[in-house]
Amino acid sequence: MADQSKKEKEKEKENLSKSISAPQAFLIHLISGLGLAISLWVAHNFYSINLVSHPSITLRLIWIVESAIVILIYSRFRIDPQQCSYLKAVVRGILALPVGALVNALGAIALGAPVGIQYLPKTINWSLLMSSFTVAPAASVFGSSWTYWQRIFAQTKPNEPLEYMICIPAHGAVIGGWFGAWPMPLDWERPWQEWPICVTYGAMTGYLVGMLASSGFVLANGRRQRLKED
């Protein structure tokens, strides 16, 4: 039984490493990045709003578009296609969205995000956007497999293309949001210093940088695999 379980895990890992090529990774990241750009463009050109003038509504538009993109795309690369259908992977990504939002909201509040009824809509929509960057893709792909969650989020040790694609942008979004929060306490009295505007810009920038970096790691991993085969 132990040998059979080990073989199944090795086969699952092999399927995971072969499921994503460098061009596929680049295309997925490109679509995800375009989702952010299109959301901001639609908000500005169709609704005449932006993150500074109407942060809550703009954030809602962004997370709805981005979460739909990442859940629908990443569900195609679920690690257990024999036991989990595409629809089930999509559903678990959707269910993970509010759970991840709660974790992000509590983390932000613990780090000093303002608390109050006037901030609640902004915090909810920002947290759902952060969940789209971090938790939703992982849930769609890995489900409840603790091994992958621990390696990617607790240990930060991705070792397969799909793990790089989820881990690095997620960490980029969190780190970017943290750096984006720096101007908030300064007395510049600029509207973009309000919660969570500058944090959102920082998170989106970190997410985009993370996607670019992960594409490089996927490309390097592919070359390393080819060298091993040769």
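His29, Tyr74, Phe133, Pro137, Met165, Ile166, Pro169 and Tyr207 line the largest cavity of this predicted model, in which local features need pLDDT of at least 70, side-chain atom pairs count only at pLDDT 80 or more, and totals for chains, interfaces and linings use all residues. Residues are numbered from 1 along each chain as its sequence is written, and side-chain values use heavy atoms, with hydrogens and water left out. A cavity here is a set of points, on a 1 Å grid over the protein atoms alone, where a 1.4 Å probe fits but cannot get out, and lining residues have an atom within 4 Å of a point. Grid points are joined across faces, edges and corners, and a volume is the space filled by probe spheres set on the points. On these terms the structure holds one cavity of 30 Å³ or more, and the volume of the largest cavity is about 40 Å³. Helix α8 (residues 161-180) supplies the largest share of its lining, three residues; helices are DSSP runs (H or I, at least four residues) numbered from the N terminus. Seven of the lining residues are nonpolar, one is polar and none is charged, where Ala, Val, Leu, Ile, Met, Phe, Trp, Tyr, Cys and Pro count as nonpolar, Asp, Glu, Lys and Arg as charged, and the others, Gly among them, as polar.

Ser214 belongs to helix α9 (residues 197-229). Ser214 has a relative accessible area of 0% and is therefore buried (buried means under 20% relative accessible area, exposed over 50%, partly exposed in between, with a 1.4 Å probe and protein chains only). Leaving aside residues up to four places away in sequence, Ser214 touches His29, Tyr164, Met165, Ile168 and Pro169, contact meaning heavy atoms within 4.5 Å.

The contact of α4 with α5 comprises nine nonpolar, six polar and no charged residues. With helix α6 (residues 135-142), the axis of α4 comes within 8 Å and crosses at roughly 145°. Here Ala89, Arg92, Gly93, Ala96, Leu97 and Gly100 in α4 meet Val135, Ala136, Ala139, Ser140, Val141 and Phe142 in α6, a contact of eight nonpolar, three polar and one charged residues.

The largest pocket (an open set of points with protein on both sides within 12 Å along at least five of seven lines) has a volume of about 670 Å³. It is lined by 28 residues, of which Asn104, Gly107, Ala108, Trp126 and Val174 are the closest to its centre. Two or more lining residues come from each of α4, α5, α6, α7 and α8, and α4 gives the most, with eight. The lining divides into 19 nonpolar, eight polar and one charged residues.

Most residues other than glycine have a negative phi, and most peptide bonds are trans. Thr156, in the loop between α7 and α8, has a positive phi near 55°, and with 41% relative accessibility Thr156 counts as partly exposed. Glu189 lies in the loop between α8 and α9; its phi is also positive, near 55°, and at 74% relative accessibility Glu189 counts as exposed. Pro196 is found in the loop between α8 and α9, and the peptide bond from Trp195 to Pro196 is cis, with omega near -5°.

Key: Axes are lines fitted to C-alpha atoms, for helices over the stretch in contact, and angles run from 0 to 180 degrees between N-to-C directions.
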